[in-house]
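Let's take a walk through a protein together, one stop after another. Keep the picture in view while you read.

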Amino acid sequence: MPSICWTQHGYTGTSLRANVAYDTFLSTSPTGSQTHEIMIWLGVFGDIYPLSDNGYPPTPVAIPTIGGVAFNLIAGHNGNVIVYSFVAKPAATSFSGDLLAFYKYLEANFGLSSGLYLQTVQAGTEVFTGSGAKLTNTGYSFRVN
């Protein structure tokens, strides 16, 4: 599984509603339809929330600490895709860790299968509203072992 490192990020803009996140997609086969989306929200700006099956603002289904950072875990669906979003509380301006720790947490506590394939990893920001959004960081990395 991959390890990730996001070093010191900052965000500027006007009236922003945005996040800073890693987004991963899993499937039961290397080329099959995606079955799970696992998001790691390191920063939240404004009143936005991940997909939730229990309303908005969502109630966390758990509050794990991974890599020394406390996260609110939100569970939801996007069509047939199960979505788990780890939302750092408070925002983590830097993070270094192993994605496997997030997947292992979901395996142990929410029945995520260890036989899933990692298909896609994305990193960046989602801007919902606002203007002049600018994400700056001193570096990020992604490594597959």
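A polar contact is a pair of N or O atoms within 3.5 Å; within protein, one must be able to donate a hydrogen and the other to accept it, and residues adjacent in sequence count only if both atoms are side-chain atoms. Before we use that, a word on what you're looking at. This is a predicted model, where local features need pLDDT of at least 70 and side-chain atom pairs count only at pLDDT 80 or more, while totals for chains, interfaces and linings use all residues. Residues are numbered from 1 along each chain as its sequence is written, and side-chain values use heavy atoms, with hydrogens and water left out.

Start with Thr-24, which sits in strand S1 (residues 2-27). Helices (H or I, at least four residues) and strands (E, at least two) are DSSP runs, numbered from the N terminus. What does the side chain of Thr-24 make a polar contact with? Its partner is the side chain of Tyr-103, at 2.8 Å. Thr-24 counts as buried because its relative accessible area is 1%; buried means under 20%, exposed over 50%, and partly exposed in between (1.4 Å probe, protein chains only). Contact means heavy atoms within 4.5 Å, and leaving out residues up to four places away in sequence, Thr-24 touches several others, including His-36, Ile-38, Leu-99 and Leu-118.

Now for the inside. A nonpolar core is a set of buried Ala, Val, Leu, Ile, Met, Phe, Trp, Tyr and Cys residues joined through side-chain atoms within 4.5 Å. The largest one here has 22 residues, and Phe-71, Phe-86, Phe-102 and Leu-106 touch the most other members. Two or more residues each come from S1, S2, strand S4 (69-78), strand S5 (81-88) and helix H1 (99-110). H1 gives the most, with 5 residues. Take a look at Phe-102: beyond its neighbours within four places in sequence, Phe-102 is in contact with Ile-40, Ile-66, Phe-71, Phe-86 and Phe-95. Another core, of 6 residues, lies apart from that one, and Ala-21, Trp-41, Ile-48 and Val-87 are among its members.

Next, the charges. Side chains of opposite charge can pair when their charged atoms come close. A salt bridge is a side-chain nitrogen of Lys or Arg within 4 Å of a carboxyl oxygen of Asp or Glu, and that rule gives a count of 2. In one, Arg-17 pairs with Asp-47, with the closest N and O atoms 2.7 Å apart. Arg-17 lies in strand S1 and Asp-47 in the loop between S2 and S3, so this pair ties together parts that are 30 residues apart in sequence. Another joins Lys-104 to Glu-107, where the closest N and O atoms are 3.9 Å apart. These two are about one helical turn from each other because they are 3 residues apart in helix H1. Lys-104 is partly exposed at 44% relative accessible area, and Glu-107 is partly exposed too, at 25%.

Finally, some backbone details. A cis peptide bond, with omega about -5°, joins Tyr-56 and Pro-57; Tyr-56 is in the loop between strand S2 (34-45) and strand S3 (65-66). Lys-89 and Pro-90 are also joined by a cis peptide bond, with omega about -5°, and Pro-90 is in the loop between S5 and strand S6 (95-98). Back in strand S1 you'll find Ser-15, whose phi is near 50°, a positive value in a residue other than glycine.
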